[in-house]
Amino acid sequence: MNHLILGAFYDTVNKSVGPTLMWVFFFLMIIELIYVMAKYVGSDDNK
């Protein structure tokens with residue numbers, strides 16, 4: 001299964017740049033959302 005995923009990613013990078021950029025920005029957005037949620041939900045401000 002891992003070989004299939006890596007092969008599909010390799011074909012995507014070679015054949016088109018658009019989906020690759022979409023996945024890169026998608027993963028960056030997920031990381032950013034996790035960071036923001038950890039920052040604001042995990043804060044101990046008692047205002």
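## Overall picture

Of the 47 residues of the protein, 2% count as buried. The model is a predicted one. Its secondary structure comes to two helices and zero strands. The protein exposes about 4,600 Å², and carbon and sulfur atoms supply 72% of that area.

## Helix H1 and Tyr 10

Helix H1 covers residues 2–15, and Tyr 10 has its place there. Is Tyr 10 buried or exposed? Tyr 10 counts as exposed because its relative accessibility is 54%, and the cut-off for exposed is over 50%.

Tyr 10 can also be placed relative to Thr 20. The two are ten residues apart in sequence, and their C-alpha atoms are 9.8 Å apart in space.

Helix H2 runs over residues 18–41 and includes Ile 30. With a relative accessibility of 32%, Ile 30 counts as partly exposed, because that class lies between 20% and 50%.

Ile 30 also belongs to a nonpolar patch on the surface.

## Aromatic rings

How many aromatic pairs does a search of the whole structure find? The search finds three. Ring pairs link Trp 23, Phe 26 and Phe 27 into a cluster.

A pair of aromatic rings is described by the distance of the centres and the angle of the planes.

How values were computed
Residues are numbered from 1 along each chain as its sequence is written. This is a predicted model: local features need pLDDT of at least 70, side-chain atom pairs count only at pLDDT 80 or more; totals for chains, interfaces and linings use all residues. Side-chain values use heavy atoms; hydrogens and water are left out. Patches are made of residues with over 30% relative accessible area and no salt bridge: like charges are joined within 9 Å, nonpolar side chains (Val, Leu, Ile, Met, Phe, Trp, Tyr) within 5 Å. Accessible areas come from the Shrake-Rupley method with a 1.4 Å probe; for residues, only the protein chains shown count as cover. A salt bridge is a side-chain nitrogen of Lys or Arg within 4 Å of a carboxyl oxygen of Asp or Glu. Helices (H or I, at least four residues) and strands (E, at least two) are DSSP runs, numbered from the N terminus. Buried means under 20% relative accessible area, exposed over 50%, partly exposed in between (1.4 Å probe, protein chains only). Rings of Phe, Tyr and Trp (its six-membered ring) pair if their centres lie within 6.5 Å; planes under 30 degrees apart count as stacked, over 60 as edge-to-face and the rest as tilted.
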